[in-house]
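These are my notebook entries on one structure.

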Amino acid sequence: MNLILLGPPGCGKGTQSRRLEDKFGMVQLSTGDMLRAAVASGSEIGQKAKAVMEAGDLVSDEIVIGIIAERIDQPDAREGFILDGFPRTVAQAEALDGMLAEKELQLDGVVELAVDDAVLVDRVSGRYTCAKCGEGYHDRHKQPAKDGICDNCGGTEFSRRADDNAETVKSRLAAYYEQTAPIIPYYRDKGVYKTVDGMADIDDVTKQLEEVVGG
Ligand code: AMP
């Protein structure tokens, strides 16, 4: 099963992708994670992407298509993948179609997690993750049971994304509506587009997605 999870920043793509990954053995392919790793490593791609990401704009199609083409070629992606944060432009969607055709793979679904803008800004501006296992937390909505200790793995270090602040999230939302939303009709025309209520409780969203994935 090969899926695209689509939706604005803070809609829950990352959280839900990780849950589907655990349950169905699909691999999460997050271009945001790949780009953050490139920035942290100081690679040429990372150096090009850093300022763009901090401003909340989109990294060039050429760079992102290049990294995803390389990643999708890895053997684990053959077992099924969830694309999280890619494609984000019609040009990326067209490039993905080309890659899939070349590898004789099909796209089983494109699922949008729909969430209101005010909720997105609130979610993004307070979130942080365990640096060890990636478990997500939130200043106002989900604190670890024991202060400073990850519920999931006992880790004591946490990190926040440089672009998770109220100011940058506005640019990220604008980029979503201007450049990414146009891919919805693209996939609707192909008959693979579905939408799920991303405002529901985290477990309910997972359930809705499992129904989509499970058939
Ligand atoms: P994300 O983790 O998906 O929210 O992505 C974080 C940032 O990485 C975005 O705001 C963009 O600057 C960049 N990025 C991630 N995926 C893409 C993509 N498919 N196309 C362009 N830029 C991307």
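Entry 1, backbone. I looked up Glu 104 and found it in the loop between α5 and β4 (109-114). The model is a predicted one. Phi of Glu 104 is near 55°, which I note as a positive value in a residue other than glycine. I then went to the loop between β3 (81-84) and α5 (90-103), where Pro 87 is found. The peptide bond that joins Phe 86 and Pro 87 is cis, with omega at about -5°.

Which residues come nearest to the ligand? I listed Thr 31, Arg 36, Asp 57, Gly 85 and Gln 92, out of 16 residues around the ligand. By class, the shell holds six nonpolar, four polar and six charged residues. I also checked which element gives the most to this shell, and α2 does, with four residues.

Next I looked up individual atom distances. For Asp 57, a backbone N or O atom lies 2.6 Å from an oxygen atom of the ligand. For Gly 85, again a backbone N or O atom, the distance is 2.9 Å, to a nitrogen atom of the ligand. Arg 161 uses its side chain: a polar atom there lies 3.0 Å from an oxygen atom of the ligand. The ligand taken alone exposes 480 Å², and I noted that the protein buries 97% of that.

How many cavities of 30 Å³ or more does a search of the whole structure find? I recorded one. The largest cavity contains about 60 Å³ of space. Its lining is made up of Leu 5, Leu 6, Gly 7, Lys 13, Gly 85, Phe 86, Pro 87, Arg 88, Tyr 176 and Thr 180. The elements that give two or more residues to this lining are β1 (3-6) and α7 (166-180). Sorted by class, the lining of the largest cavity has five nonpolar, three polar and two charged residues.

I turned to the second largest pocket and wrote down a volume of about 180 Å³. The residues that line this pocket are Arg 36, Val 39, Ala 40, Lys 50, Met 53, Glu 54, Arg 161, Ala 162 and Asp 163. At least two lining residues each come from α2 (31-41) and α3 (44-54). I counted the classes as four nonpolar, no polar and five charged residues. Arg 161 is in this lining, and its side chain is the one I placed 3.0 Å from a ligand oxygen.

Side chains of opposite charge can pair when their charged atoms come close. My search of the whole structure gave 17 salt bridges. I took one of them, between the side chains of Asp 203 and Arg 19, with 2.8 Å from N to O. Where do the two partners sit in the chain? Asp 203 is in helix α9 (residues 202-214) and Arg 19 is in helix α1 (residues 13-24). The two are 184 residues apart, so I logged the pair as a link between distant parts of the chain.

Definitions and conventions: Residues are numbered from 1 along each chain as its sequence is written. This is a predicted model: local features need pLDDT of at least 70, side-chain atom pairs count only at pLDDT 80 or more; totals for chains, interfaces and linings use all residues. Side-chain values use heavy atoms; hydrogens and water are left out. On a 1 Å grid over the protein atoms alone, a cavity is a set of points where a 1.4 Å probe fits but cannot get out, and a pocket is an open set with protein on both sides within 12 Å along at least five of seven lines; lining residues have an atom within 4 Å of a point. Grid points are joined across faces, edges and corners, and a volume is the space filled by probe spheres set on the points. Ala, Val, Leu, Ile, Met, Phe, Trp, Tyr, Cys and Pro count as nonpolar, Asp, Glu, Lys and Arg as charged, and the others, Gly among them, as polar. A residue is near a molecule or strand if one of its heavy atoms lies within 4 Å of it. A polar contact is a pair of N or O atoms within 3.5 Å; within protein, one must be able to donate a hydrogen and the other to accept it, and residues adjacent in sequence count only if both atoms are side-chain atoms. Accessible areas come from the Shrake-Rupley method with a 1.4 Å probe; for residues, only the protein chains shown count as cover. A salt bridge is a side-chain nitrogen of Lys or Arg within 4 Å of a carboxyl oxygen of Asp or Glu.
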